[in-house]
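Please open the structure in your viewer and keep the selection panel at hand.

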Amino acid sequence: MTQLQLDYDTPVADRCCTCTRCLDACPTGAILEPYVLDSRKCISYMTIELRGDIPEGQRRAIGHHLFGCDICQDVCPWNRKALYSTDPAFEPRTGLLWPQIDRLLDMNEDEWRRLIRGTAMKRGKVKGILRILMVVAGNSGVREFLPKLRRFLSH
């Protein structure tokens with residue numbers, strides 16, 4: 001990318017010590033040991049990057065995560081010390097923070113495109129998000145979603 005010689009920083013200090021909160025909290029067991037991640041088991045990978053089917057054995061662990069997962073970041077004691085941004089650009093978009101599953105199941109493709117336009121969710125594409133929505137709806141155990149899910153069977 002460049003031939004420019006750059007100075008490098010010193011390595012970041014290991015602050016984890018004996019803490020295993022991220023390992024203990026990961027619902028899929030994707031963090032195998034300190035500093036070792038099996039991305040194939042990571043909810044963020046499965047809901048954002050994976051283009052194929054969600055492995056059946058991992059579907060239950062996805063729980064309600066429609067796009068990404070930050071459980072490991074949420075439980076890290078060092079992240080509690082991070083500065084909080086007041087920039088409105090970092091606020092969740094209306095309709096994307098704890099969205100209503102039944103409302104999402106009713107949306108057509110154009111509505112989905114409008115909802116995710118300008119967000120990181122566009123990376124997952126509508127088809128990928130709908131695939132995860134089926135898993136999330138199934139994980140909810142709400143039987144009233146079944147008629148709404150049937151419209152997706154042909155996809």
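Colour the chain by secondary structure and follow it from the N terminus: the elements run α-β-β-α-α-α-α-α-α-α. In total there are 8 helices and 2 strands; these are DSSP runs numbered from the N terminus, with helices (H or I) of at least four residues and strands (E) of at least two.

The model is predicted, so local features need pLDDT of at least 70, side-chain atom pairs count only at pLDDT 80 or more, and totals for chains, interfaces and linings use all residues. Residues are numbered from 1 along each chain as its sequence is written, and side-chain values use heavy atoms, with hydrogens and water left out.

Next, colour by pLDDT, the predictor's confidence in each residue, from 0 to 100. The chain has a mean of 90, and 99% of its residues reach 70 or more.

Zoom out to view the whole chain. Its C-alpha atoms fill a box of roughly 55 × 35 × 35 Å along the principal axes. Of its 155 residues, 27% count as buried, a term for under 20% relative accessible area, whereas exposed means over 50% and partly exposed lies in between (1.4 Å probe, protein chains only).

Now select residues 125–140, which form helix 7. Just after helix 7, select G141, which takes a positive phi of about 75°.

Helix 6 and helix 7 pack at an angle of about 100°, with their axes 10 Å apart; the axes are lines fitted to C-alpha atoms over the stretch in contact, and angles run from 0 to 180 degrees between N-to-C directions. The two helices are therefore roughly perpendicular, the word for angles of 65 to 115 degrees. In contact (heavy atoms within 4.5 Å), E109, W112, R113 and I116 of helix 6 meet V126, I129, L130 and L133 of helix 7.

Finally, select W98, in the loop between helix 4 (71–75) and helix 5. Is W98 buried or exposed? At 60% relative accessibility, W98 counts as exposed.

Key: Expected span 1.5 Å × (residues − 1). Parallel < 35°, antiparallel > 145°, perpendicular 65-115°, else oblique.
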